[in-house]
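Grab a pencil and let's work through a few exercises together. Try each task yourself before you read its solution.

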Amino acid sequence: MIAVYILVFVVSLFLIITNLPVFGQLPKGLRLDKIRSLSNYRNGALQNLSITPMQPEGVSFFKILSAFFFEKHPDKAPSKALPYISPNINGSAKGNAPEIIWFGHSSYLIKINGLRILVDPIFSKTPSPFSFIGSKAFLGTDIIKAEEFKNIDILIITHDHYDHLDYESILKISPQVNSIVTSLGVGSHLERWKIKKEKINELSWNESVTLFNRLHLTAVPARHFTGRKFKRNQTLWSAFVLKTADFKLFLGGDSGYDTHFEKIGEEHGPFDLALLECGQYNAYWPYIHMFPEETVQAAIELKAKILMPVHWGKFSLAMHPWNEPIKRIVVAAAAKQFPLVTPKLGETIILDEYLPTENWWLKE
């Protein structure tokens, strides 16, 4: 009888914890109907364009878990605070050229055409539902707080993973946001967090929205997955094509390498700049994140003029050394004679005017 009471207590506690707002909410109603109507919805979940196993054949989840805990590289995190430049986050661009400020990982602010666009903001100390779980942000990366952002015209959220859709950051930033653009299904989480439905624009792949009569956003395919609890791929994951009258940017989100980059390049390119993931890769999950050499190839296929590597420099979510991704991509880009921009945290790049390439990570 005591065992029954213990079981009831454990189950009840589990249900209470997993129902916390931080986990969000699965799509339902008309939103779920739209998801189920998509051509890439099969067998109760959204699918990638290509078959995408979570790990290679013969590699079990438990092997990956064991490797993650027991194969840690001694340089997974920097030994001292990373260098940074205090950014002007609330000012406008000084000229016509787009300006971009990177805050580490995949969070960056774009100032373009008189608008301010914030992408995948995560300013919590850990990319997880609870602060005591997961990788801690590197020293020196807390250069800005979520509540410091004012008057954000557009907030872009590529998908619902914790390192891209950060509950605490969204709560603090969303009151300052005019409009939100995200992948189909993510709005269910946002509405659970009391964000007004009127602010939210959800797109499926190849759907577009025009905002402020001068900025065009199109969701395009990526090769990844989603989920905040246990059920995967109930919301969509996307990259975004950002287009104004004078410039075109590719905002990559998370993606493994595949043929979709070439197709996007043919349909939407060339791009003045591609922001692509570079980091958190491993041979144990080769299909859902790119290796640095693949990132360079993806930029080439997108027909990008310049590549800015992101998804590194703040958290250690894989087993590689913290600065290995940027070291490898510099070598790969040089071999292909492909231009990179590698700003410090908080540093403002200006397209066609200021494109820093200092190897600052070697001085850590």
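Before we start, a definition: on a 1 Å grid over the protein atoms alone, a pocket is an open set of points where a 1.4 Å probe fits, with protein on both sides within 12 Å along at least five of seven lines, and its lining residues have an atom within 4 Å of a point. A volume is the space filled by probe spheres set on the points, which are joined across faces, edges and corners.

This is a predicted model, where local features need pLDDT of at least 70, side-chain atom pairs count only at pLDDT 80 or more, and totals for chains, interfaces and linings use all residues. Residues are numbered from 1 along each chain as its sequence is written, and side-chain values use heavy atoms, with hydrogens and water left out.

**Exercise 1.** Find the volume of the second largest pocket, then sort its lining by residue type.

*Solution.* 
- Step 1: the volume comes to about 400 Å³.
- Step 2: 20 residues line this pocket, and Phe 123, Ser 124, Lys 125, Ala 137 and Asp 142 are the closest to its centre.
- Step 3: You get eight nonpolar, four polar and eight charged residues.

**Exercise 2.** Now do the largest pocket: how much space lies in it, and which helix gives the most to its lining?

*Solution.* 
- Step 1: the space is about 1,600 Å³.
- Step 2: the lining has 39 residues, with Phe 61, Phe 68, Pro 127, Phe 225 and Leu 317 closest to the centre.
- Step 3: number the helices from the N terminus (DSSP runs of H or I, at least four residues; strands are runs of E, at least two). Helix 3 gives the most, with five residues.
- Step 4: by type, the lining splits into 19 nonpolar, 13 polar and seven charged residues.

**Exercise 3.** Look at Asp 258 and Arg 223: what do they form, and are they buried or exposed?

*Solution.* 
- Step 1: they form a salt bridge, with the closest N and O atoms 3.8 Å apart. The term means a side-chain nitrogen of Lys or Arg within 4 Å of a carboxyl oxygen of Asp or Glu.
- Step 2: both residues are buried (under 20% relative accessible area; exposed is over 50%, partly exposed in between; 1.4 Å probe, protein chains only).
- Step 3: Lys 34 counts as partly exposed because its relative accessibility is 32%.

Note on methods: Nonpolar A, V, L, I, M, F, W, Y, C, P; charged D, E, K, R; others polar.
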